[in-house]
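Work through the exercises below with the sequence and the model open. Try each task before reading its solution.

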Amino acid sequence: MLATLQNKKKVQNGWAMYDWANSVYSLVITSTIFPVYYNNVTKAIDGSDKVNFFGFEMINTVLYSYSISFSFLIIALISPLLSGIADSTGKKLSFMKFFAYLGAISCVGLFFFDGSNLEFGIICSVLASIGYAGSIVFYNAYLPEISEENEYDFLSAKGFALGYIGSVILLILNLLMIQFPSAFMIPDGGIAARLSFLITGVWWAGFAQITFNVLPKNPFGKNVTREILSKGYKEIRKVFFEVRKIGVMNKFLASFFFYSMGVQTVMYLAASFGDKELGLPGDQLILTILIIQFVAIIGSYFFAFLSKKYGNKSSLVIMVIIWIFICGAAYYVYTVYEFFALAFVVGLVMGGIQSLSRSTFSKLIPESTTDHASYFSFYDVTEKMAIVLGTFSYGVIEQLTGSMRNSSLTLGIFFLVGLGFLLLVTIPKSQLNAS
């Protein structure tokens, strides 16, 4: 393990830098500029929000919700086997690189999406999503390999904090390009938005090199054999049966599944909500996301500190309860200032719940195992299936009721169920600071 190496801090800092590299995708592509750009270029001249996708007519935002669901369904289906192969062969870093480059290249591809080629734009956005989600599986799996248990919470928080800072820097640059295109010698805001997608892909692939250059390639010295697929299957099957025996892990994953349905759906569709339900202009929507990002940095460290003092479970319970109130409040938000206030609260708990969930699961993985990618594949599949069902149900309810407000209320139910499972979790004090 890296605990005995002198370059431990260098490796940990390099690992955290991947959050800096890939979080620009989460902010620019999934949360702010791309959803607003997508809504604008897929809206008909007469104001209709209906689009034709491979012969199927549907609402543009519903199609976007479904595309997100589809991308995460794909990664949920393939990541367990890939994780098993990565653990059995020691090729975790190779898989991480493949998905990172797939995502980055797909972001560059979005530069060529102008609304007239809807199918191309959706395919690129789906591939970018698959690349992002796939690389995160293997990235997360490094956490228990490069740090000690008492470092998990703050190292996880550091990664998320760097991600929020880096993505905000690029978003501000992109926002200036869109608002003042002539100052950057860009013809108009539409071209500037498309350039932001290209820059995002370059940023992602470029800064990822810092991480790729310091992470250990094969820390446990595993060998590649001809039976790569069968060994991968056996590896993930072995871990599956191990996970079934760990009661606290099962209950935590059940809780994580339900509250992640809410958290991730808010992340992916908040901008669409502000655009469609409140009619906020693009600059105000992006300002809202900036508020969330800045506050999330504080939230990540605040709840890491809270977990050190009162335990991971207590911190998670507090955050889930706050999320329930957020979903209820969203139904009654009608003004820009109310939306800003809600964004502030969302940011506070968004950073905290993401970083603390990752570090909590790391602490539940048996210390004797070397199959960290396989264990984390269950964590990531749980999160991806939560995104699939969360975004899909959000789209279905909007299509049936004609309002995103009703969809927001449904998210509150997901958080309530997640809270119920979380209250059943009794985490051993030998593993966490408190139960």
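**Exercise 1. The hairpin**

Task: Find the hairpin formed by S1 and S2, and say how many residues lie between the strands and which turn residue has a positive phi.

Solution. Start with the ground rules. The model is predicted: local features need pLDDT of at least 70, side-chain atom pairs count only at pLDDT 80 or more, and totals for chains, interfaces and linings use all residues. Residues are numbered from 1 along each chain as its sequence is written, and side-chain values use heavy atoms, with hydrogens and water left out.

Step 1. Count the residues between the strands: S1 and S2 form a hairpin with two residues between them. Strands are DSSP runs of E with at least two residues, helices are runs of H or I with at least four, and both are numbered from the N terminus.

Step 2. Check the turn. Phe-54 sits in the loop between S1 and S2. Its phi is near 50°, a positive value in a residue other than glycine.

Step 3. Check its cover. Phe-54 is exposed, with a relative accessible area of 52%. Exposed means over 50%, buried under 20%, and partly exposed in between (1.4 Å probe, protein chains only).

**Exercise 2. Pairing and faces**

Task: State how S1 and S2 run and how many bridges join them.

Solution. Step 1. S1 and S2 (residues 56–59) run antiparallel, joined by four bridges. Two strands pair if DSSP finds at least two bridges between them.

Step 1. Name partners. Val-51 is bridged to Met-58 in S2. Asn-52 has Glu-57 of S2 as its bridge partner.

Step 2. Sort the side chains of S1 (residues 50–53). They alternate.

**Exercise 3. A helix pair**

Task: Describe how H7 and H13 pack: what is the angle, and how far apart are the axes?

Solution. Step 1. H7 (residues 152–179) and H13 (residues 336–364) pack at about 140°, with their axes 8 Å apart. Axes are lines fitted to C-alpha atoms over the stretch in contact, and angles run from 0 to 180 degrees between N-to-C directions.

Step 1. List the contact, which means heavy atoms within 4.5 Å. H7 contributes residues including Tyr-152, Ser-156, Gly-159 and Phe-160. H13 contributes residues including Met-350, Gln-354, Arg-358 and Lys-363.

Step 2. Classify the residues. The contact of H7 with H13 holds six nonpolar, seven polar and three charged. Here Ala, Val, Leu, Ile, Met, Phe, Trp, Tyr, Cys and Pro count as nonpolar, Asp, Glu, Lys and Arg as charged, and the others, Gly among them, as polar.
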